[in-house]
Amino acid sequence: MVENRPWLTVTRHLVLILGVFIIGFPIWIALVASTNSSSEFVSGLMPLWFGEEGFGNFRRVLANEERVLGVSVSASWMMWNSFIMAMVIAVGKIVISIMSAYAIVYFRFPFRKTCFWLIFLTLMLPVEVRILPTYEVVASLGMLNSYAGLTIPLIASATATFLFRQFFMSVPSSLMEAARIDGAGPLKFFKDILLPLSVNNIAALFVILFIYGWNQYLWPLLITTDEDYYTIVMVIKRLMSAGEGNIPWNIIMTTTILAMLPPVIVVLGMQKLFVKGLIEQEK
Amino acid sequence: MATVSLKNINKTYANGHQAIENLNLDITDGEMLVLVGPSGCGKSTSLRMVAGLETITGGDLYIDDVRVNDLEPSERDIAMVFQNYALYPHMTVFQNMAYGLKNRKVPKDEIQKKVEKAAEILEITNLLHYKPGQLSGGQRQRVAMGRAIVRNPKVFLFDEPLSNLDAKLRVQMRIEIKRLQQEFATTAIYVTHDQVEAMTLADRLVVMNEGNVEQVGPPIELYEKPATQFVAGFLGSPAMNFLDASLNGNRLTLSADVVLELNDPNLPADAHDLDVVLGIRPEHMEACEEAEADFTLSVDMIEPLGADTLLYGYFPGTEALITSEQPGKQQFKRGHRLPLRVDRERCHLFDKATGKRLGS
């Protein structure tokens, strides 16, 4: 419905500006704080304009100069850890779920429905619910303090399987039949037809899952004691509870800005595919 | 060069539903066989069994005297054109047509040559680098045809290929398909629910109903001598009129006032008050003088089609709605009383109990 009334236009813009402000202001605060020196925060007020530090805080945090982060590893190393974790989780989830969805939709095997419902049921059991048994398993497998421990338990994904299943079911069955007549076996059909058709869905899922993996907090906190495997999100919380003294807000905000960057880059870079994957079916 | 032969083919689904019962068909080399019938009659299932997309639960299927029941669709050397075209949306027209050849490990330059030749025949050379999404329905149909002919298969299978096209294109493509099939002289099985398509395309026509074959033969033969009431009612547009009657020898009593003397030596001579159904096509009732008329139709509804006019009315003394086709130049009004004479040579009689044709 497109109406053209002046007061409607004004209201519309007011609402939008309010929305932008609500989202934008905290980011502004973080960005500004990251350029101030620690002395600016003594009064307990957040500065609202850039300070003199410039990129100095970023340099210090990225290289962990003077142990500003309170740990022995630098922010760049922890970002690398986070990146590996997010990538492995996102890619792993996509690979596993696209294959299981393919099996469930295109093959008739005994207990096919049971398999699907079992996968579906795990939707009700997110990481937080099964965290103790999962920890127990990971610990007994000796995967504490390792990339495998950080990623593997988070890879199984009912949501992604379900999404791919829905998408595969919307692909006309005659495509599969045409491929069979054209001499494409199951693997060829998957590789030549289904995978290229799923590109948009894969991209959309990748964005969501990458951010999911990047933002993991509880799980890495539980299974890492070795600072070498700390992730960037973990260290923010550690900084906030660092001792009795003044909380180093400038360092926290610098780290926060750094932690926000990769998801933003992924979203911006894949925006087009992301939107397509969520709304559009290839004609 | 191929023959296809279906011997006692059965299809029973896992839930016990029998879709096809003892289907026997022999398709000779280069023939266009059309399967026609209402939806759910098993025509598509039969075609898909020939293609290998449905398993055959009983009987034998031969292509060129080789039993192919257990062969994969790709090993049967057939090509199929689907109702929704089933083009791969992410591939260009060229890739779509080349995919089957590529999977058969045909050398690249040969693929190039074959695709270009097929494209030329179908006049889609300028579309080769487009994707299916950018094409119109008719163009997609051509590409789907191209994908079929490029492999030069033993058998073409068509599964209602024209149903998604608009009326004008359908006629155009119908002619095109006929031309191509004759040019290539490839054996073809064509499934449709459209009886006009069936009549025009078929070398031989198979009318199916509820998993059984009602009649097989050249279209004109089926039109002129339908073996069952079902075939009679299915073929021909507008559809044949059916009137309940009773037969005594050659005397057909339609109502107290309307009695027809038929002159058919093949009618059962011993017929005595036999319940029959008279089938008479709308175009086989002639307007005439009142004195010569068999009955008078009180016109209830008029559909002028230009060349012809269709008149609807109730057969006097009954509740049977009948259709009469008259030349379009004549003007009719609702309530018009039209004396009609039934063409005795073109009456079809069916046993009311069995639906089978009586007489010749």
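Of the 360 residues in chain B, 38% are buried. A residue is classed as buried if 20 or more other C-beta atoms lie within 10 Å of its own, as exposed if 12 or fewer do, and as partly exposed in between, with C-beta atoms placed from the backbone. The model is predicted, so local features need pLDDT of at least 70, side-chain atom pairs count only at pLDDT 80 or more, and totals for chains, interfaces and linings use all residues. Residues are numbered from 1 along each chain as its sequence is written, while chains are lettered from A and ligands numbered from 1 in the order in which they are written.

Chain B contains 8 helices and 21 strands. Helices (H or I, at least four residues) and strands (E, at least two) are DSSP runs, numbered from the N terminus. The C-alpha trace of chain B spans about 75 × 45 × 35 Å along its principal axes. Contacts were also examined by sequence separation. Among those in chain B between residues at least 6 apart in sequence, 66% join residues at least 24 apart. Two residues are in contact if their C-beta atoms, placed from the backbone, lie within 7 Å.

Chain B splits into domain 1 (4-227) and domain 2 (238-358). Domain bounds come from an automatic or database domain assignment. The centres of the two domains of chain B, taken over C-alpha atoms, are separated by 39 Å.

Two strands pair if DSSP finds at least two bridges between them. Strand S11 (residues 241-248) and strand S14 (residues 274-280) of chain B are joined antiparallel over 7 bridges. Within this pair, Ala245(B) has Val276(B) of S14(B) as its bridge partner. S14(B) is also joined to strand S20 (residues 348-351) of chain B, by 4 bridges and in the antiparallel sense. There, Val277(B) is bridged to Phe350(B) of S20(B).

S11(B) also runs antiparallel to strand S12 (residues 251-253) of chain B, with 3 bridges between them. Ser246(B) lies opposite Thr253(B) of S12(B). The hairpin of S11(B) and S12(B) has 2 residues between the strands. In this hairpin, Gly249(B) adopts a positive phi near 60°.

Gly37(B) sits in the loop between strand S3 (32-36) and helix H1 (43-51) of chain B. Gly37(B) counts as buried because it has 27 C-beta neighbours inside 10 Å. Leaving out residues up to four places away in sequence, Gly37(B) touches Lys43(B), His193(B), Val207(B), Met208(B) and Asn209(B). Tyr314(B) is 277 residues from Gly37(B) in sequence, and their C-alpha atoms are 28 Å apart.

Arg337(B) belongs to strand S19 (residues 337-342) of chain B. Arg337(B) counts as exposed because it has 11 C-beta neighbours inside 10 Å. Beyond its neighbours within four places in sequence, Arg337(B) is in contact with Thr296(B) and Ser298(B).

Chain A is divided into domain 1 (6-67) and domain 2 (79-279). Their centres, taken over C-alpha atoms, lie 30 Å apart. Contacts link 13 residues of domain 1 of chain A to 11 residues of domain 2 of chain A. On the domain 1 side, helix H1 (6-33) and helix H2 (56-63) of chain A are the elements giving two or more residues. This side comprises 7 nonpolar, 5 polar and 1 charged residues. Ala, Val, Leu, Ile, Met, Phe, Trp, Tyr, Cys and Pro count as nonpolar, Asp, Glu, Lys and Arg as charged, and the others, Gly among them, as polar.

Between the chains, 16 residues of chain A are in contact with 18 residues of chain B. On the chain A side, the elements that supply two or more residues are helix H8 (173-181) and helix H9 (186-197) of chain A. H8(A) gives the most, with 6 residues. The chain A side divides into 8 nonpolar, 2 polar and 6 charged residues.
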